[in-house]
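Hi everyone, thanks for coming. I have one structure to walk you through today, so let me put it up on the screen.

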Amino acid sequence: MKLCSGKTTEGKRCNAPAGASGLCAFHDPKQARKRALGRKLGGKRNRVASDATFPAKLASPKDVRALLEAITADLTKHENSISRARVLVSVATASLETWKVGSLEDRLAALERVAEGMRK
Ligand SMILES: [Zn+2]
């Protein structure tokens, strides 16, 4: 089997099998269009159609929670992966944070109502 006469980025000889041109698919300039098409198709195959709608504003913990829920729902359409797992962990962490803040806001509002009643 004839090996590619191209060189790697480190300047070493390429060890990939050579085609009729004496170069491998990665080094043959005539295959550039084919490589570009392959990259494009690869990108399209990995893409998942999303019809998710995300909240337009993030003015309260409730808005943030709505966003996190939309992200979680959208993630269920994607294949399981390390990246997806990382995003889910981030969403879970952020959810806990919004829950804490939301809970504090509710308690503060309740205390303010009581204080308002005492002033009258
Ligand atoms: Zn090569």
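I'll start with the overall fold and then turn to the helices.

Please keep in mind that this is a predicted model. The protein chain holds three helices and zero strands, and from the N terminus on, the elements run α-α-α. How spread out is the chain compared with a compact globule? The radius of gyration is 28 Å, well over the 14 Å that the globule rule gives for 120 residues, so the chain is more spread out than a compact globule. Along its principal axes, the C-alpha trace spans about 95 × 30 × 20 Å. Burial is worth a look too: 1% of the 120 residues count as buried. As for contacts with a separation of 6 or more, 23% of them join residues 24 or more positions apart.

Now to helix H3, residues 82-119. With 38 residues at 1.5 Å each, H3 should span 56 Å, and its end C-alpha atoms are 55 Å apart, which agrees. Is H3 buried or in the open? The number of buried residues in H3 is zero out of 38, so this helix lies largely in the open.

H3 does have a partner, though. Helix H2, residues 61-75, packs with H3 at an angle of about 160°, their axes 9 Å apart. Since an angle over 145 degrees counts as roughly antiparallel, that is what we call H2 relative to H3. On the H2 side, the contact includes Val64, Leu68, Ile71 and Leu75; on the H3 side, Val87, Leu88, Val91 and Val101 are among the residues taking part. Finally, the crossing of H2 past H3 is left-handed.

Notes
Residues numbered from 1 in each chain as written. Predicted model: local features only at pLDDT ≥ 70, side-chain atom pairs only at ≥ 80, totals over all residues. Helix = DSSP H or I, 4+ residues; strand = E, 2+ residues; numbered from the N terminus. Expected span 1.5 Å × (residues − 1). Buried ≥ 20, exposed ≤ 12 C-beta atoms within 10 Å, placed from the backbone. Rg over C-alpha atoms; globule rule 2.2 N^0.38 Å. Contact = placed C-beta atoms within 7 Å. Axes fitted to C-alpha atoms, helices over the stretch in contact; angles between N-to-C directions. Parallel < 35°, antiparallel > 145°, perpendicular 65-115°, else oblique. Left-handed = near helix turned anticlockwise from the far one by under 90°.
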